Amino acid sequence: MASSTSHRKSQDRKSIPFWRDERVLTAAAQVISAIIVIGGLIWIGVNLLEAAEQRGLSLGFDFINDPAGFPISESVIPYDDSYPFGTAFLVGLLNTLKVSIIGILLATILGTLVGLARISTNWIVNKIALAYIELHRNIPLLVLLFIWYFAVFNKLPPAKGSLELPGPIYLNQRGLYLSWPRLTETGGVFAVSLLVGLILAIITWVYLRRLRERSGRSTYFAGASLAVILVSAVLGLALSAWQPLWIDTPVFEGFNFTGGLRLTPEFTALLVGLVMYTAAFIAEVVRAGIQAVDFGQMEAAKAVGLKPMQILGLVIIPQAMRVIIPPLISQFLNLTKNSSLALAIGYADVFNVGRIMINQAGRAVPVFGMVMVTYLALSLITSLIMNLYNRKILISERAT
Amino acid sequence: MRKLLLPLASLIILAMLLSACGTPSGGEIVEVEVTRIVEVTTEGETQIVSAPAPGYGEILARVKERGRVVCAGRTDLLGFGYLDDDGRNIGFDIDLCRAVAAAVLGDPEAIEIVPVTAAERGPVIQTGEVDILSRNVTWTSSRDSQWGNFTITMFYDGQGYMVRKDSGIESQDDMNGASVCVTSGTTTEKNLAADFRERGLDFEAVIFEDTSSVYGAFFEGRCDVTTSDRSQLAAIRAGADNPDDYVILPVIISKEPLTPVVPHGDDQWFDIVKIVMYTLINAENPAYGPITQATVDDILASDNIKGKTVLGVEGDWGYSSLGLEPDALANALRAVGNYSELYDRYMGPFGIAFTLPRGANEHWTNGGLIYAPPIK
C-alpha cells in the first residue's frame with residue numbers, strides 16, 4: 001500500500017486527492033488547531049461577558065479614580081486611604097519592585113558564593129554549603145517565610161526594650177531603625193554633582209582601558225577615574241555650602257520610633273526568606289556552570305602559570321556564564337513571582353494590594369487582569385535585560 | 001486512512017465546541033405559576049423561587065403542625081450559636097429561638113437549628129424554608145427590603161478596639177502613631193482608616209490576609225491595637241493565654257445591629273416573634289422586679305399586677321389575634337430568662353463563652369439601647 005501510494009505520488013503529482021496530500025493536510029491541521037484555540041478563547045470571553053452582565057458585575061476600569069478607603073502598611077510614595085485605587089496599585093507595584101530588585105542582587109551574590117563553596121576542596125566549607133542548599137531547596141518557601149517572620153522577627157524584643165547598636169541603630173520586633181543621611185536643601189546640588197562625577201568616571205575608565213589595550217601603554221585608568229569622582233565630590237560639597245547631608249536618627253515617640261530609615265519586619269522577613277531560598281537554586285546553577293567548563297581549560301590555565309583566582313576570573317567564569325545565564329534568568333523570574341507570597345506575612349506587594357482592591361472595589365476581573373499584566377511585564381523586562389547580557393557574552397566568545 | 005484521522009478528529013471536536021457555544025449553562029429564567037414570585041439575588045445568582053410565600057397565620061399553623069420551630073443559625077460561633085460538649089445547640093441567638101418555641105409550643109427544646117453559611121442566609125429566609133433567621137445578621141435597609149422582616153435588634157454590635165491593659169490606651173486619641181493589626185479586605189479595614197483620618201491621627205497598619213495571623217501578631221506584640229467586631233474581639237480574647245492582660249475599649253466605630261429575621265408576608269408570625277423579644281427585654285426592668293427565670297412562678301402566684309401584665313396573664317396583650325395562649329410569654333421567660341440573664345449566660349462576667357461588657361446592650365433604664373414597647 002505504502003509503496004503504491006509513493007509510486008503514484010512520484011508519478012502523478014498533479015492528481016493527488018486533497019485529503020491525502022501532505023501539504024494540504026498539514027496546513028489544514030494548523031488552521032483547524034488555530035480555529036479551535038481561538039474559538040475556545042472566544043467562547044470563554046463571551047461566557048465571561050454574559051455572566052458578568054447577568055450578575056451585574058462591571059468589567060470596566062472606572063473605579064481606578066475612586067478613593068481607595070484602605071490603608072497600606074508601607075509605601076515608597078506618600079499614600080493614605082483617601083488616595084485613589086490607582087495610586088494604591090502603584091504603591092503595591094513599587095513595593096514588589098523594591099523587594100524583587102534588592103532580592104535579585106543579594107540572591108545572586110549569596111548564590112554565587114555558596115555555589116563556589118560547594119565546589120571548594122575544603123571539606124567543611126563544602127559540606128556547609130551542601131547543608132544550606134539542601135535545606136533551602138526542600139522546604140517550601142511559604143514555610144520558610146512563616147519561620148522567618150513568626151519565629152524569628154516577631155520574637156525580637158518589643159519596641160520599648162529595643163536592642164541598641166552603635167549608630168545609633170535600633171532593632172526590635174517592629175523593625176530595624178538605622179540612622180540615615182538625608183539631603184538638606186542644598187544637598188540636591190551635591191547629589192547631582194556626585195552623579196555627574198560618577199558618569200564621567202565611568203566614561204574615563206572605559207576610555208582609558210580601551211586606550212591601554214590598543215596602544216599597550218599603561219594609562220592610570222583607575223587613578224584617573226578616582227580623581228574624577230573626588231573632584232566632583234569636592235565641587236558638590238563646595239556648591240552646597242559644605243553641608244549637604246544631615247543624619248536622621250530614630251527617636252522613640254509614643255509607641256514607635258520615628259525618623260531614620262526603617263526596615264519593617266515584613267519586608268525584611270520576605271527579603272531574607274526569598275534571598276536564602278533563591279540563593280540555594282542559584283548556587284546549584286553556578287556550580288553546574290563551572291563544572292560544565294571543560295577540565296582541560298583548567299589544566300591549560302595551570303600549565304600557563306595562572307594563579308587560582310586568575311584561573312577562575314579569566315578562564316573559568318567567562319566560559320561558565322554561557323551555561324549559567326539562561327537558568328539564572330529563570331531564577332530571577334521565580335524570585336519576582338515568589339514575592340507574591342508577601343500576602344502571607346503582611347507585606348503590601350502588588351498581589352496583596354490587588355486582593356484588597358478586589359474586596360473593596362468588588363471588581364475581580366479587571367484587578368486580576370492588572371496584576372497578571374504587571375507580573376508579565378516584570379518578567380518580560382527581566383528576561384529582556386538578561387537576554388541582552390547573554391547575547392553580549394556570546395558575541396565575545398570565540399565562535400565554536 | 002491514517003492521514004484522515006487528524007483532520008477528522010479536529011472537525012468533530014470543532015463541531016462539538018461550536019454546538020456548545022451559545023447560551024452558557026445555568027441562569028435560565030423559568031416562568032412558574034406561583035402565588036407570589038420572589039426574585040432572589042444572592043452573591044450574583046438570579047433564581048426564581050417557586051415555593052409558596054407564607055401569608056398571614058401560615059407560619060404559626062405550620063409550626064404547630066410540625067411540632068417545632070425551624071431556625072437558621074450557626075453552630076460554630078462562640079457565644080452566639082455553637083455546640084456544647086453534648087452536642088446541644090447553645091448560644092445567644094439559639095436561645096432567642098428557644099424563647100419563641102417556648103412561647104408558641106410550650107417547649108424550649110422544640111427547635112431545629114439549620115446551620116447556614118453567610119451566602120445562604122438571605123435565600124433561606126426569603127423562601128420561608130426556615131421560620132426564624134437568628135444568625136448574627138446585621139440589619140441594613142437593603143436586607144430589610146430583600147430578605148425578610150427584621151424583628152427587633154437584640155444585640156448592638158460594632159467595630160471596636162482591643163489593646164493591652166498596660167498600654168494605657170483608653171480611646172483613639174491615645175493611639176496616635178500606634179501599630180494596628182487588622183484583617184485585609186474587610187469593612188473593618190476601611191472603618192479603621194476612616195476613623196483615624198477623621199480624628200487626624202496617624203497609625204501604622206499591619207495587615208494580614210488571614211485572621212489567625214492578625215491575632216497571632218497582636219498577641220506577640222507586633223502591634224499595640226487590633227480591631228474587629230467587638231463580639232469577635234471578645235471571643236478571641238477568651239482564647240488568649242492570659243485574657244486579663246487585654247482589654248476591649250468601650251468605643252464603637254461602626255453600627256452592626258444584630259437582629260432576628262422572619263419571612264416577608266406573615267404579619268402574625270412577625271408580631272409573635274417581636275412580642276416574645278419584647279417580653280425578654282421588659283422583664284429586665286427593675287420596675288417590674290426584675291422578673292427572672294427563677295421568679296416567674298412567684299410573680300404569677302403573687303398579686304404584682306405590673307409583673308403579671310408583663311408576663312401576659314393580666315389583660316389581653318394581643319394573644320387572641322396571635323393564636324397564642326395567655327401564658328405564652330411566661331413560658332418564654334421560664335425557658336431562657338430575661339435579657340440580662342440571657343446575655344450574662346454567655347457573655348457576662350461569668351459567661352460560659354467570653355466576657356464582653358454590655359455597653360450599648362445595656363437596658364434602657366441603665367442608659368443602653370435595649371428598649372421595648374410595653375406588653376399591654
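Of the 400 residues in chain A, 28% are buried. The model is predicted.

**Form of chain A**

- The secondary structure of chain A consists of 13 helices and 8 strands.
- Chain A has a radius of gyration of 29 Å, whereas the globule rule gives 21 Å for 400 residues; chain A is therefore more spread out than a compact globule.
- The C-alpha trace of chain A extends over about 90 × 75 × 50 Å along its principal axes.
- When contacts in chain A between residues at least 6 apart in sequence are considered, 66% of them join residues at least 24 apart.

**Contact between chains A and B**

- Chain A brings 41 residues to the contact, and chain B brings 35 residues.
- On the side of chain A that touches chain B, at least two residues come from each of α2 (22-55), α11 (342-345) and α12 (350-361) of chain A.
- The element that gives the most to this side is α2(A), with 14 residues.

**Largest nonpolar core**

- The largest nonpolar core contains 160 residues, and B:V100, B:V276 and B:A332 have the most contacts inside it.
- Helix α8 (residues 265-292) of chain A gives the most to this core, supplying 16 residues.
- Leaving aside residues up to four places away in sequence, B:V100 touches B:V69, B:I132, B:V273 and B:V276.
- In soluble globular proteins, nonpolar side chains tend to be buried together.

Conventions:
Residues numbered from 1 in each chain as written. Chains lettered and ligands numbered in written order. Predicted model: local features only at pLDDT ≥ 70, side-chain atom pairs only at ≥ 80, totals over all residues. Contact = placed C-beta atoms within 7 Å. Helix = DSSP H or I, 4+ residues; strand = E, 2+ residues; numbered from the N terminus. Core = buried A, V, L, I, M, F, W, Y, C linked by C-beta atoms within 7 Å. Buried ≥ 20, exposed ≤ 12 C-beta atoms within 10 Å, placed from the backbone. Rg over C-alpha atoms; globule rule 2.2 N^0.38 Å.
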